[in-house]
Amino acid sequence: MSNSGTPLVELKDISIAFGGIKAVDRVSVDLYPGEVVGLLGHNGAGKSTLIKCLSGAYKADAGDVYINGKKVVINNPRDARGHNIETIYQTLALADNLDAASNLFLGREIIGPGGFLDDSKMEAETRKIMSRLNPNFTKFAEPVSALSGGQRQSVAIARAVYFDAKILIMDEPTAALGPQESEMVAELIQELKKQGLGIFLIEHDIHNVMKLCDRASVMKNGQLVGTKRVADVTEDDILSMIILGKNPRESH
């Protein structure tokens, strides 16, 4: 995809310190519509901290956030949602005892004319969004505890997309999933790209990054090593960026 025009998101010179330790040190990354950018690095590299400044979980000490070219202030997760940013954490934050529709509308339930929950409307809307994202999903009546890992991901993603996410942050979405389930999540990500969403993918697995991402941004010790188009580098190039903190030769 071509990165022309205005980025969906720009994080510019973001810095944040905890107790004098710089967790993120003047890092800049951007994301375009219909693009997946992988964020890689060892534990403690700063990738999760950086992205939490976008999701509203942390407030950066310095730097700016731009959405569609406009400077914005994100102080908390509500601010982030106001800018159509949704985060899907590994824990997924689903209520195990409730079905897909109840999870989709959790905290944002549809109320009917009599002041009661409009369960049939919520199920109809859930079926509609699922048919777009994961047509094979059929377990609408079961509690999400009975669903597979990939199906649970589907529910969490559907919730974000239904409420108009334009920017999705995904934290290792295929961790702890088998090959078939991981493939289901990969197909979901492709579908979201087609719909023009931008996705930041926090990932440890280089193979997943090569398969799912358009670009990869590597962090080490709180700093950005570099951002590369995945088509221009090898797995070994990315590995050396993570381990050695060095950019591959530009001839790649």
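1. Contact, as the word is used throughout this note, means heavy atoms within 4.5 Å. The structure is a predicted model, in which local features need pLDDT of at least 70 and side-chain atom pairs count only at pLDDT 80 or more, while totals for chains, interfaces and linings use all residues. Residues are numbered from 1 along each chain as its sequence is written, and side-chain values use heavy atoms, with hydrogens and water left out.

2. The domain assignment, whose bounds come from an automatic or database source, gives domain 1 (1-84 + 165-252) and domain 2 (96-163). Taken over C-alpha atoms, the centres of domain 1 and domain 2 are 28 Å apart, and their contact takes 14 residues from domain 1 and 14 residues from domain 2.

3. Between them the two domains bury about 1100 Å², of which 64% is on carbon and sulfur atoms; buried area here is the accessible area (1.4 Å probe) that two parts lose on being put together, summed over both. On the side of domain 1 that touches domain 2, strand E7 (167-171) and helix H6 (179-194) each supply at least two residues, and H6 gives the most, with six residues. Helices (H or I, at least four residues) and strands (E, at least two) are DSSP runs, numbered from the N terminus.

4. Lys-193 has its place in helix H6 and is buried, with a relative accessible area of 18%, where buried means under 20%, exposed over 50% and partly exposed in between (1.4 Å probe, protein chains only). Leaving aside neighbours within four places in sequence, Lys-193 is in contact with Gly-34, Val-36 and Asp-214.
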